[in-house]
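Here's a quick tour for anyone opening this structure for the first time. Have a look at the model, then read on.

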Amino acid sequence: MNADPLDALKDIYLPVEPHWWPPAPGWWIAAVLVLIGLCRLGRQWWGYRKATRPIREAKRIIDALAEKDASSSSSDVTVVNQCNEVLKRLLVVALDMRTLGNQSGAQWLCALDRLSNTCDFTQGPGSVLGEDRFKADFSLDRKGLLACVNDLLSNVHYRKSKMLIEESV
């Protein structure tokens, strides 16, 4: 016989640690909520990008016009007409401000001032977008005009963004 009764005992084995898969139900709920939140943020971002695309395109056209202006000597009338065309297309067609479609001259300049929250169009370099461009001896501050138009586009972009955020809340 064995003199030591402890020798007859078997070794102690620790139980197997639980595996990480499948997660507890709380983790499934958290994952679904995070996924829903990400989908909603993605849809809002996509809607924002879609709604502000015309403004970004108008900025791109004005920036290209400024680059082209720096490298070539296009006529002043062409630059003014292109700026006016971009603004009309953006505001009337893309942003659906139909009341601005039939405005010209002082009315158009006042509307641009209201949109930009400045007086650059009625009293500044943007005044050439009115009836001044049809005069025989009009002068153009190209950099000033392009800066006014860029400021207007930035302000319209900010307003559109703010409006979209308020709609989603």
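Let's start with the tryptophans: ring pairs link Trp-20, Trp-21 and Trp-28 into a cluster. Keep in mind that this is a predicted model. Three aromatic pairs turn up in the structure. In one of them, the ring centres of Trp-20 and Trp-21 are 5.4 Å apart and the planes meet at 70°, so this pair counts as edge-to-face. Trp-21 also pairs with Trp-28: here the centres are 5.6 Å apart and the planes are again at 70°, so this pair is edge-to-face too.

How exposed are these residues?

| Residue | Relative accessibility | Class |
|---|---|---|
| Trp-20 | 64% | exposed |
| Trp-21 | 48% | partly exposed |
| Trp-28 | 42% | partly exposed |
| Val-32 | 46% | partly exposed |

Trp-20 lands in the exposed class because its 64% is over the 50% cut-off. Trp-21, at 48%, stays in the partly exposed class.

Now for that patch. One of its members, Val-32, belongs to helix H1, which covers residues 25–51.

One last thing to look for is a charge over a ring. Which residue has its charged end over the ring of Trp-108? That's Lys-88, whose charged end sits 4.2 Å from the centre of the Trp-108 ring.

Technical notes: Residues are numbered from 1 along each chain as its sequence is written. This is a predicted model: local features need pLDDT of at least 70, side-chain atom pairs count only at pLDDT 80 or more; totals for chains, interfaces and linings use all residues. Side-chain values use heavy atoms; hydrogens and water are left out. Helices (H or I, at least four residues) and strands (E, at least two) are DSSP runs, numbered from the N terminus. Buried means under 20% relative accessible area, exposed over 50%, partly exposed in between (1.4 Å probe, protein chains only). Rings of Phe, Tyr and Trp (its six-membered ring) pair if their centres lie within 6.5 Å; planes under 30 degrees apart count as stacked, over 60 as edge-to-face and the rest as tilted. A charge sits over a ring if NZ of Lys or CZ of Arg is within 6 Å of the ring centre and within 35 degrees of the ring normal.
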